[in-house]
Structures are given as C-alpha cells and as structure tokens.
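User: I'm new to this one and would like to learn how to read it. Could you walk me through it step by step?

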Number of protein chains: 2
Amino acid sequence: MAVYTEVPDDEMAAFVARYGIGELLAVKGIAEGVSNSNFLLHTTKAFYILTLYEERVDAVDLPFFIGLMEHLADRGLICPQPVRTLEGSAVGRLAGRPAAIVTFLDGLSVRRPNAMHCGEVGRGLALLHQAGADFTMQRVNSLSVPDWRPLAEQAGAAADTVSPGLAQRLLAEIAVHERSWPQDLPSGVIHADLFPNNVFFIKNRLSGLIDFYFACTDAFAYDLAICLNAWCFEADSSFNLTKGQALLAGYESVRPLTGAEVDALPQLCRGSALRFLLTRLVDWLNVPPGAFVKPLDPLEYDRKLAFHQRVTGASDYGLKR
Amino acid sequence: MAVYTEVPDDEMAAFVARYGIGELLAVKGIAEGVSNSNFLLHTTKAFYILTLYEERVDAVDLPFFIGLMEHLADRGLICPQPVRTLEGSAVGRLAGRPAAIVTFLDGLSVRRPNAMHCGEVGRGLALLHQAGADFTMQRVNSLSVPDWRPLAEQAGAAADTVSPGLAQRLLAEIAVHERSWPQDLPSGVIHADLFPNNVFFIKNRLSGLIDFYFACTDAFAYDLAICLNAWCFEADSSFNLTKGQALLAGYESVRPLTGAEVDALPQLCRGSALRFLLTRLVDWLNVPPGAFVKPLDPLEYDRKLAFHQRVTGASDYGLKR
C-alpha cells in the first residue's frame, strides 16, 4: 500500500478541470492498493478517488475494468462509479500514466469477519455475478491453470527456502489441475479478488465492493471458492464450517448452484488456494531489500491447500443439500 | 510521506466513537507528513484527519501543539482544529501511540510559488504571529543555535562525502552564530516550518496553514527568515528579489518590523539556512538502504547559505525602507 507517483497539486487541478466535477479544493495521496497510486480528491461538488495505474496493471485492460464498474453501478451494485471527462472519456493520462476518477465510496473493511459478514459477502458475490450477466466485454483470467506452472518455475528451487519440499508439492498439485480442471461451468464476470479489504460494511451490512483490477471472465463457482478461502478460515488456518455455511447460503439465496458447480467446488477451492499460494510465493521471493511493503505469507495458503486436499465433497464447506 | 502504523477499521471505529463526531463511515490512510501516520476519516458528520504520533514527535510536546491549534483557530486563523473527546480530552491513544483528531482543511499547495503567493504567505505569517501573541504556553526551539553543533558532529566527516569541505564550512558557520546570535528580538509563537507544502491556497488566496509540529517560542523575524529561504529562491538557488519584496511587504502590511529585526534579518536568514542544511544533511546520511522516502537535498541549503553570506543588508531581500 503506497503512493508511488507524486503529482503536484497544480497539475492535479488542471487534470480535474477536464471533468464536470467542480473545482479542486483538496488532494491527499492515499495508502491503498498495492499496485496503483491513489488520491482522494475533494472538489466543490463531492469527494472522489483518482487512480494512476502503475506498471502492474496493463493499460489494454482498463476499458474492461472501467466498463465493468460502470455496468455494475448502472445495475444498482454499490461499487466505485467511474466519472467521464466533459468529452466523454473515462481513462485519461496524468504524470505519464493512465488515470481514472471514480466516486468516493463509504464503508469499513472488517479484519475478523464473523458468520454474518460471510453471509453478506456470499449474497453480494451472487448479486455481482447477476449484475454482470449482460456485460458484453470479456477478459481472460490471467492467473488460472495455464499460468500456474510458469509461476512455479519463476519461484523455482527457492520455494524450498520458504518451506521444505514446497517446490515439489507445487508441481504435483499443478499437474492435478492441468489434467482435470472443471470445464463448462456457468461463467461470466467474476471479481477474482474479493478479500475482506475489498468489501465495505456499515453496521454489519455490506455497503460496497471495490478493486475490480483482477476481474475477468471465468466460472462463477471459482469466485465462490476464492471467497471460501479468503473469508472462512481462522487465523490458525482451520476452516470455520459456520462461516462456510453462511457464505454458501448467502450466495444461494440469490443464485443457487448447479449440480456441476457443487461437484466441482472442492477442486475449485484447491485451485484457488494454489493460485494465491503461487502469487504470494513469487512476491515473497522478490521483495527488494528494505522494501516498505511487507509481502503476505504464502504458507497461509499452503495450509489452506492441505485442508482442501482432504475435503471429500461440498458438504465439507457447509453446503446444505 | 507514509502511513507507518496500520489500524484495523474496527479499532478505528471504536476510537472515533469516543468523540462526538458521528459514526465512522470510511477511513483512508493518507500519505502526508514525514514523521506521523495520518488517516482521513469520514463520519456521519464530516471529514476529519486522525494523526498517530510516531517516535519523532515527543509526546510531552503534544499539549503545546494541540493547544496552539485550538488557540489559533479560536482567533480566526484557518488551521486544523483539534476535536476533543466527549470527556474533553484532545490527545488519546490508539495502536499504542498518542493520537489526535483535527478537522479536515481544504486547500492545495503550490509547487512553484509566484510573487502573489509569497505576499499571501508573508501576510499569513504575520497574522499567525499576531494570533499567537496571547498564547500562554511555551516551547523551546529544539533546532536553534545550541543544537547545531551536535547536528554537525552527528554528520561528522561524512559531510565531506556530500560536498568536499562541507564539514569544515559547517563548523565555521556555526561558530559565527554561537558568537553573535541576535538577542532580545520580538518573540512569541513561530511556525518554524512554513514551507509550501504546509500552506494551502484556493484560487491564489491563502486558505489555511497546517503542520504545527515544529512550532515553538522564538523570534518572529526568524520565522520570516525561514520563509524567505523556503519561498523566494528559484530552482537554480538564485534569490528572486520580487518574491522577497512581496513576502516582506505582505508581512509588514500586518506587523511592521522593528529596527532591530531589520538589522538582524541577514544573520537570521544565514542561521535558518544552516538549520535546514544540518537537518537535511543528517537525514541524507541516515537513509536506510532501500528506503521508500527520498530525503531532501541538503546542498540546496548550502547554496542558499552562500547567498546569505554575501548579503549586506535587509534591502538585499527586497525590504523597502
């Protein structure tokens, strides 16, 4: 979390003048997002967030992300709403980088979600999948099965410095999914990164979703598997069945799972645990010395993966049928 | 500029509940201030800034800083206004650190001040000196003449790695001020760090002053000397006489200088250039490898010091008498 690019206030004011959002009164660099620079703007009209997209976001993906947020907001999902310039453009350039302005969204993220929060997130995820159903743009998931082996190779033998035998365990797990990844599941726009820091609550009710920069076209149930990993484990890496039940029931209150999705759930949970294990591992091994940002612990996802490997069916996650 | 301490949103909400400022709706860590952690708060009432005081601010000084901001705001000076808890306390504790909440202040800082901005700052500085006249608390300037030799010793011979001969030049300059620092000048509360990033403008009019964490009791004209250094030099370190004239005239439009202050001004300018040269030098030599924050160039103040050493009187800064 950091502001990577500094923009002088007068350049910022000139940029904001191109939007019909009043005159700039204040700017604060905000410490949010690991890969972009974010600024809070206060204008004579309202508060906004300006994002400068740094290297990690591919500029060709921006129309998808921005278009998706506009589409979802139009359908009543509470998420940041992109603002267009007076000429109608939603992506501009500032300080040599692609830049976009979105509305400021209230809400607090929870550090220790309880079952009520999990139920809200399940329901919110299903509403997102519904609202995105008629979104016509597509984006390939760039962190799915074909991308896992290259990530493991990037980590290489150094994986064993993090946990003995990890390099070999990763290759064995990847091979499982390369052989038999579930196909033809109901698909559409998924968030793909709906962790607690990307979900806002006000008084225990979900008040909004943010950070759509991993969103892509993939199986809905894979998104649900990511949420089971992100929301339903305790700090000691044990799975909390009550939270799992709440999350799945919340999801199915809006969009019931198909039989194929139920059958695929354990493998999707394994695969999504593997995906976060791999990306965290590569980040962990590539931290520059003295870096300001502490990387997330990859082994948290090694332990979650071990749980999923022992699961025998979706009922182990709390699915009631 | 950075957020050093992370505070979970739920802890933040519990802390904010102790103030009569409504319920917390949003929190953003903001990248402001080199020595403290700052957060933007949005509540059901308004926007606020929460500051957690990190090591560099001595907790015993907080009642002075907070009391000063309250005093100045009461007298109509536009600066952040401290908010007290329902029990009447202005300094609390959060995440193991002293913490205070102040009102959110609109305004933009200018990167390249023009003469109009300098005039506004001169006037604003005099209004600050006037508004602080009946503030009863005192705080010794901890970065004045007696503190300069220890700073030079902290840098030691390493100063010469920044500029050949610098270590010797520093000691010679310090000796000058130790022998003959101006005494008995009109004194009171000074800001002591009124750089462009601490002054807000809206449409070229000064709209507020921030960051009172170097404020102390010292000679008013020393504060003016700091501003001449901070506002009236060009990027090539040449002094801009038009800006100096504007700043001094702005100041005197509110509070005319005494004869003793006019006579002392060249030495006060030398001394304040030396003060920033020394602290920047020590910071420069103590940057941890890979640090996120790039230190400010100490040699900028070496060049400014060289200008002041050639000055023969206050008219060289644009003072008209």
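Analyst: Here is a short tour, starting with chain A and ending at a residue in chain B. This is a predicted model, where local features need pLDDT of at least 70, side-chain atom pairs count only at pLDDT 80 or more, and totals for chains, interfaces and linings use all residues. Residues are numbered from 1 along each chain as its sequence is written, chains are lettered from A and ligands numbered from 1 in the order written, and side-chain values use heavy atoms, leaving out hydrogens and water.

User: How many helices and strands does chain A have?

Analyst: Helices (H or I, at least four residues) and strands (E, at least two) are DSSP runs, numbered from the N terminus. Chain A has 10 helices and 10 strands.

User: What share of chain A is buried?

Analyst: Buried means under 20% relative accessible area, exposed over 50%, partly exposed in between (1.4 Å probe, protein chains only). In chain A, 60% of the 321 residues are buried.

User: And Asn141(B): buried or exposed?

Analyst: Asn141(B) counts as buried because its relative accessibility is 11%. You'll find Asn141(B) in the loop between helix 3 (115-131) and helix 4 (145-155) of chain B.

User: Which side chain does the side chain of Asn141(B) make a polar contact with?

Analyst: A polar contact is a pair of N or O atoms within 3.5 Å; within protein, one must be able to donate a hydrogen and the other to accept it, and residues adjacent in sequence count only if both atoms are side-chain atoms. Here the partner is the side chain of Asp218(B), at 2.9 Å. The side chain of Asn141(B) also reaches the backbone nitrogen of Leu143(B) at 2.9 Å.
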